[in-house]
Amino acid sequence: IGSDLTEGGGLTGGRSVIAGGLTMSVLVLPIVIITASEALRAVPQSLREGAYGVGATKWAVVRTMVLPNATPGILTGAVLTISRAIGETAPLILVGGVLGSGFLAEGNLSLLEQLRGSFTALPLIVFGWARLPGDEFRHGLAPAAILALLTLTLLCNMTAIILRNRYEKRW
């Protein structure tokens, strides 16, 4: 079974974009679940009881009271989870991320071939560029890629803060 996975067999095609995506989803899924459950738990019980008091069904309470009031917390948790996933490197290395210098797949491959092909990520590219002997890589390209990754992470965090503040309810 091990040789199938390393030689491109199995469900994900071995070391592929699918394997990287599944690995990242398993990594961040607990964070999404915890933030969503905390957002749902943060909705005051008095809102639920008030809706039940006027004769709403359980589904109507969830649909009209709980979900709309928990949405800011759920959105914030989702955006922060994406922000965390952007900077993760170790799981991608474990599933076969390629230390390369390019982001784009070959244009003549079908979508399925691209998903089952090799992949890289910005943190892997930074690591590869920092190891190269040329000064243009270590003192030019690697710091620029680090700034791009940092900017992307900060934008995700800022988006989470804006979404939380925009939709936050004051009880």
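Colleague: Which helix does Arg138 lie in?

Modeller: This is a predicted model, in which local features need pLDDT of at least 70, side-chain atom pairs count only at pLDDT 80 or more, and totals for chains, interfaces and linings use all residues. Residues are numbered from 1 along each chain as its sequence is written, and side-chain values use heavy atoms, with hydrogens and water left out. Helices are DSSP runs of H or I, at least four residues, numbered from the N terminus. Arg138 lies within residues 135-167, helix α8.

Colleague: Is Arg138 buried, partly exposed or exposed?

Modeller: Buried means under 20% relative accessible area, exposed over 50%, and partly exposed in between (1.4 Å probe, protein chains only). Arg138 has a relative accessible area of 37%, so the residue is partly exposed.

Colleague: How do α7 and α8 pack, roughly parallel or roughly antiparallel?

Modeller: Axes are lines fitted to C-alpha atoms, for helices over the stretch in contact (heavy atoms within 4.5 Å), and angles run from 0 to 180 degrees between N-to-C directions. Helix α7 (residues 122-131) and α8 have axes 9 Å apart, at an angle of about 165°. Angles under 35 degrees count as roughly parallel, over 145 as roughly antiparallel, 65 to 115 as roughly perpendicular and the rest as oblique. Therefore α7 is, relative to α8, roughly antiparallel.

Definitions and conventions: Helices (H or I, at least four residues) and strands (E, at least two) are DSSP runs, numbered from the N terminus.
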